[in-house]
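Hi there,

Here is the structure I promised to pass on. Please have a look at it first, and then read my notes below.

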Amino acid sequence: MTVLGYRLPGMSSLLLWALLWEVVGRTGWTFFIPPLSDVFVTLVDVIGTPAFLKAMYETAYAFLAGVFFAVIIGIPVGILIGKSRLLDELILPWVNIFLSAPLTALVPVLMVLFGFGMKSIIITTTLFAIWIIILNSRAGVKQINRSLVDMARSFGATPMDAFFKIYFWAALPEILGGVRIGVIRAVKGVIIGQLLISIVGFGALFELYSNNFMMKHFWAVLIVLFAVAFSLSEFLAYLERRVSYYAASR
Amino acid sequence: MSQTNDAFAKAVPLDADSAVSVRNVSKNYGDVEALKNLSLEFPRGQLTSLLGPSGCGKTTLLKIIAGLLKPDSGEVEIEGKIISSPGPDRSFVFQDFALLPWASVLRNVAFGLELRGVAKSEREAIAEKYIKNVGLTGFEKAYPHELSGGMRQRVGLARALAVDAQVLLLDEPFSAVDEQNRRKFQEDMLELVRGENKTFIFVTHSIEEAVYVSDQIAILLPRPSRVSEIIRPTSFRGTGKENIRRSPEYLDIVDEIWASLRNYVE
Ligand SMILES: Nc1ncnc2c1ncn2[C@@H]1O[C@H](COP(=O)(O)OP(=O)(O)O)[C@@H](O)[C@H]1O
Ligand SMILES: [Mg+2]
């Protein structure tokens, strides 16, 4: 964005929206929108509280565990179905169904199966993230240059060698793209899981704040979550750019 | 030489100096007959070209010799052993280079050795030597996308040489390289064949290239694919690489091959 000939840094338009929020908040138009400055003051207060730290810890734990399983299962499954016609035909339809399915509706079923706790939230997170990771890893393998595979075989590569030295790296740009979108979906998954189960993490916290009309607290926590999710996504986009030099020349 | 060896040599005159024998090989892709009952001998220490119009099964034959494809029938014998899979006795140079885009020149050249389990310091020392041989010293840390087509194929060639295989299989190695580099490569091939005691199987669709570099030229014709003719240039090999293209035999052979191939140009 340029104003009066000056180039403004990346996200300066956010300042404009922040200002608008502040003004609307100051008019006292609705309790739902407190002034942004109050929200930030609350944010600083809230961040140190045991309730917030506990929620943060539980969320981070569920999120990391969920993403871990999504990545550790999703990438190999994606690579395998990309390599094998048979597995592809067996598994791909399910991946597509789950990718577009309203997974939120599954959470109550998961709760029945796995209880009202951390386990269900982790599984929800994994379910949100894994399908796009599988699909992208598969796409990465599909576009691999056949002669790279022939090359590795001609020098006596074992299937393990081929997997770790050729397929994984050749598919890495797509895999990272999948992981980035998967992580964004995992943020949704972990929060939706917590909201529906609502006795752990931010689910509990949101329940508390909204039942007591503590809008400043509500917004403060939301801003923290948005900022974390955004930073994660930017970090993964940065990793993606690091491998883009060879994405074009495979 | 003893009496018995003499008798044996007479009994199998061709096999005795063949590094690679292809016998009655057929290969179909669905309804497409890529190769039909093809037999061919490749003399040890020499360069044999497979020359023919595109689609006549040259790559298929080369991949069968490499062990990358299985023939539907027939067999390939290398140094007395029937092969069924890739092996350390052969290495392949690819038309599209097949370099790892995420790896440096050094790692690419050493990659064949890496897959064969050679220790890092050892394989890098060997790779350095071949990088020097192909004239890429100073580019060890460069990545393939930073190199020209000609330089990339030098990396491919160095990688194939570094594993020290007896048989080198080259699938139109210079077709994606510009004209000047191609000429340089062709001259280098002559030196390579003289310098290394290896057997080269060289696929090309360029008549001039085949005649320039080959000790033996096998003309392949399509539909059904077969060896129609084997030509062994004799007189111009010793004349020095600058004089080959002016030698009468060179020009005659080029004309002769063109005469037999022209019907297959659509
Ligand atoms: N993987 C494949 N599937 C089906 N047909 C193929 C395949 N590879 C090659 N062919 C066909 O086999 C014939 C020989 O191909 P190829 O060996 O690549 O010829 P060349 O290298 O001489 O151009 C061609 O008609 C080609 O279309
Ligand atoms: Mg070909």
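By buried I mean under 20% relative accessible area, with exposed being over 50% and partly exposed in between (1.4 Å probe, protein chains only). On that basis, 44% of the 250 residues of chain A count as buried.

Two housekeeping points before the rest. This is a predicted model, where local features need pLDDT of at least 70, side-chain atom pairs count only at pLDDT 80 or more, and totals for chains, interfaces and linings use all residues. Residues are numbered from 1 along each chain as its sequence is written, chains are lettered from A and ligands numbered from 1 in the order in which they are written, and side-chain values use heavy atoms, with hydrogens and water left out.

Chain A

Chain A has 10 helices and two strands (DSSP runs numbered from the N terminus: helices are H or I with at least four residues, strands are E with at least two). The C-alpha atoms fill a box of roughly 70 × 60 × 30 Å along the principal axes. Of contacts (heavy atoms within 4.5 Å) in chain A between residues at least 6 apart in sequence, 76% join residues at least 24 apart.

Chain A exposes about 13,400 Å², 74% of it supplied by carbon and sulfur atoms (areas by the Shrake-Rupley method with a 1.4 Å probe; for residues, only the protein chains shown count as cover).

Chain B

Here you will find an open sheet of four strands in the order β2-β1-β4-β5, with antiparallel pairing. The edges are taken by β2 (32-43) and β5 (81-82) of chain B, each with a single partner strand, so one side of each is left without a neighbour in the sheet. Strands count as paired if DSSP finds at least two bridges between them.

β1(B) is mostly covered, with nine of its 12 residues buried. Eight bridges join β1(B) to β2(B), and V22(B) has L40(B) as its bridge partner there. In the hairpin of these two strands, which has two residues between them, G30(B) takes a positive phi near 60°. Five bridges link β1(B) (residues 18-29) to β4(B) (residues 73-78); S26(B) is partnered by S73(B), and R23(B) stands opposite E75(B).

Finally, helix α3 (residues 58-66) of chain B lies across β1, β2 and β4, running at about 120° to β1(B) (axes are lines fitted to C-alpha atoms, for helices over the stretch in contact, with angles from 0 to 180 degrees between N-to-C directions).

Best wishes
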